[in-house]
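Good morning, and thank you for making time for this item. I would ask you to keep the sequence and the model in view while I speak.

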Amino acid sequence: CHCVADSKQWYQRRVRGVMAGYKYMLGMLGQIALYFSWSISITFFNKWCFSTFHFPLIVSFFHMVIVSHVIWLYRTLVKGYTGADKISWGVYAKRVCPTAIAAAMDIALSNWSFMYITVSMYTMCKSSAIVFILISAIIFKLEKPRLLSVVVVAFIALGLFLFTYKSSSFNLVGFILVMSASAVGGLRWVLAQILLQRDSLGLTNTLEFVYHVEPVMAASILPLALGMEGQDMALSPDFILASQAQSLQVMFIVGVGACLALGLTFSEYLLLGNTSSITVSICGIVKEIVILVLAATIGGDKLSGVNIAGLVVCLFGISLHVYLKYQTTRFGEVDETEQTEGLLPEHDVSVNS
């Protein structure tokens, strides 16, 4: 009787485990699908928008302002926020502000680059962000420097060089802007993952994270936007002589961009908080391939044989990094510092947790 009872309990635990696994997998697939749809949509939308409306920094500022107000309204009206769980000023100054400033610069420089380069060039250059993530993790002592890491960086750098070599779409200004965005983005994702996955900081909830980060992002980008584009926009005939219909059209375009930015912000931070860096890296590779294919077939971007070879080499380097990261995690070779600082997920992060 005891054997039958034990077997029944084992079977029930087994079924619950399998069902939990399927539930987790479906949840991850749903989050990845959301991230894909928002990210790909906003990439092509921004390229179209900033090719015709030449004020990417000011538009990015308004995107952040709109997202901040939407989050504030939802948090106040729907969630019934009382203010009881405010984070300390120390955490805000030392953790939130650097993350927000890095995120704002990443977004601003990325959007700015669309005025000069194609979607293919942008996507390939932004794929180098994984190198800067690795460098930032080493600087913050979240990972130890290894010879294989140097090999990975060499492959990605070589692929990036071949992809941009004698490319008809190459533009030095756009290249500098998007590579600067990748460098700042590497710092951004390391800081963001620490914030999202450390309970002691009080920002493991995606809604709370975005609520605290987004206003600082808007404030940090405003001086740059006014300094670089304020006078040109104020003196632009399109701005001064715009009719009511044109003004409404611009407001509509900015609103659509803000909606896409809101969706992407939630989906990427939710995915980052609920998975490891391996999953996010794999998603990034697949997303970049999809964008490059769409850019070549729909957008008409031209790629030479050398450029395609550079794409293959770069993606191989990124894939090698993901594989090495998987091997490290699988065999438990992650150092104690990395676990302590929060590069690996310790719990689920959700919008409503």
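Predicted model: local features only at pLDDT ≥ 70, side-chain atom pairs only at ≥ 80, totals over all residues.

Residues are numbered from 1 along each chain as its sequence is written, and side-chain values use heavy atoms, with hydrogens and water left out.

The chain has 13 helices and 0 strands; helices here are DSSP runs of H or I with at least four residues, strands are runs of E with at least two, and both are numbered from the N terminus. Of the 353 residues, 46% are buried, that is, under 20% relative accessible area with a 1.4 Å probe, protein chains only. Among contacts with a separation of 6 or more, 89% join residues 24 or more positions apart; contact means heavy atoms within 4.5 Å.

Now to the helix pair. How do α3 and α8 cross? The axes of α3 (residues 89-113) and α8 (residues 206-235) come within 8 Å and cross at roughly 50°, where axes are lines fitted to C-alpha atoms over the stretch in contact and angles run from 0 to 180 degrees between N-to-C directions. The two helices are therefore oblique to each other, a class left for angles that are not under 35 degrees (roughly parallel), over 145 (roughly antiparallel) or 65 to 115 (roughly perpendicular). Residues of α3 in this contact include Tyr92, Ala100 and Trp112, and those of α8 include Phe209, Ser220 and Met228. By class, the contact has 18 nonpolar, 3 polar and no charged residues; Ala, Val, Leu, Ile, Met, Phe, Trp, Tyr, Cys and Pro count as nonpolar, Asp, Glu, Lys and Arg as charged, and the others, Gly among them, as polar.

Two residues of α2 remain. Ser60 belongs to this helix, residues 56-78, and is buried at a relative accessible area of 1%. Beyond four places in sequence, Ser60 touches Asn111 and Ile221.

His63 also lies in α2. Is His63 buried or exposed? His63 counts as buried, at 7% relative accessibility. Setting aside neighbours within four places in sequence, His63 is in contact with Val254, Gly257 and Ala258.

How values were computed:
Buried < 20%, exposed > 50% of the residue type's maximum accessible area, 1.4 Å probe, protein only.
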